[in-house]
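Subject: Structure handover

Hello,

Here is the model for you to look through. My notes on side-chain contacts, the core and the backbone follow below it.

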Amino acid sequence: MEIPTFHPYQSLFPSHLIYPYHLVPENYVHWTETPESHIFSADLPGVRKEDIKVEVEDSVYLIIRTERIEEESTEQPSSRTFMRKFRLPGRVDIERISAGYEDGVLTVTVPRYLRRAFFIEPADVPERLEVLARAA
């Protein structure tokens, strides 16, 4: 049975309602958007932390990849690979991207670049403003 990777109602309903637990594609990465960041999470059971690589390519793409080679004790060494590439949304802070791996779930947090405004205390503004230059 082939499962589609895009569902027409994907933007309207949470992923657990579209893909029941037993029908979620193996390489599915869940994406959540918050006011402060974008959060990518992937179930990677049985993968060691050392086998996971999270990379940013050209400041545009987030790449999550794994490669696990089984021990030589088996007759044929088998490998399990996983790779997903996402285009980063605009206005993200690439320097503060963080990743964590706990209980077989990889979570990558991509913080938004928040524009920091400055505040002028009303007490610091002089009562009379001087004109330094006039328009021509």
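There are 6 salt bridges in the structure. The term means a side-chain nitrogen of Lys or Arg within 4 Å of a carboxyl oxygen of Asp or Glu. Note that this is a predicted model: local features need pLDDT of at least 70, side-chain atom pairs count only at pLDDT 80 or more, and totals for chains, interfaces and linings use all residues. Residues are numbered from 1 along each chain as its sequence is written, and side-chain values use heavy atoms, with hydrogens and water left out.

Start with Arg-112 and Glu-33. Their side chains form a salt bridge, 2.4 Å from N to O. Glu-33 belongs to strand E1 (residues 29–33) and Arg-112 to the segment after strand E7 (105–111), so the bridge ties together parts 79 residues apart in sequence. Helices (H or I, at least four residues) and strands (E, at least two) are DSSP runs, numbered from the N terminus. Arg-112 is partly exposed at 22% relative accessibility. Glu-33 is partly exposed too, at 46%. The cut-offs: buried is under 20% relative accessible area, exposed is over 50%, and partly exposed is in between (1.4 Å probe, protein chains only).

Next, Glu-55 and Arg-65. The closest N and O atoms of this salt bridge are 3.2 Å apart. Glu-55 sits in strand E3 (residues 52–57) and Arg-65 in strand E4 (residues 61–69), so parts 10 residues apart in sequence are tied together. Glu-55 is partly exposed, at 32%. Arg-65 is partly exposed, at 31%.

Asp-93 and Arg-96 also make a salt bridge, 3.4 Å from N to O. Here Asp-93 is buried, at 17%, while Arg-96 is partly exposed, at 47%. Finally, a network of salt bridges links Arg-48, Glu-50 and Asp-51.

Phe-40 lies in strand E2 (residues 37–43) and Phe-86 in strand E5 (residues 79–87), so the pair ties together parts 46 residues apart in sequence.

The charged end of Lys-85 sits over its ring, 4.6 Å from the centre. That requires NZ of Lys or CZ of Arg within 6 Å of the ring centre and within 35 degrees of the ring normal.

Which residues touch the most other members of the largest nonpolar core? They are Phe-40, Leu-44, Leu-106, Val-108 and Val-110, in a core of 16 residues. Such a core is a set of buried Ala, Val, Leu, Ile, Met, Phe, Trp, Tyr and Cys residues joined through side-chain atoms within 4.5 Å. E2, E4, E5 and E7 each give two or more residues to this core. E7 has the largest share, 3 residues.

Two backbone points to check. Ser-59 is not a glycine, yet has a positive phi of about 60°. Ser-59 is in the loop between E3 and E4 and is exposed, at 52%. Arg-91 also has a positive phi, near 60°. Arg-91 is in the loop between E5 and strand E6 (98–102) and is exposed, at 53%.

Best wishes
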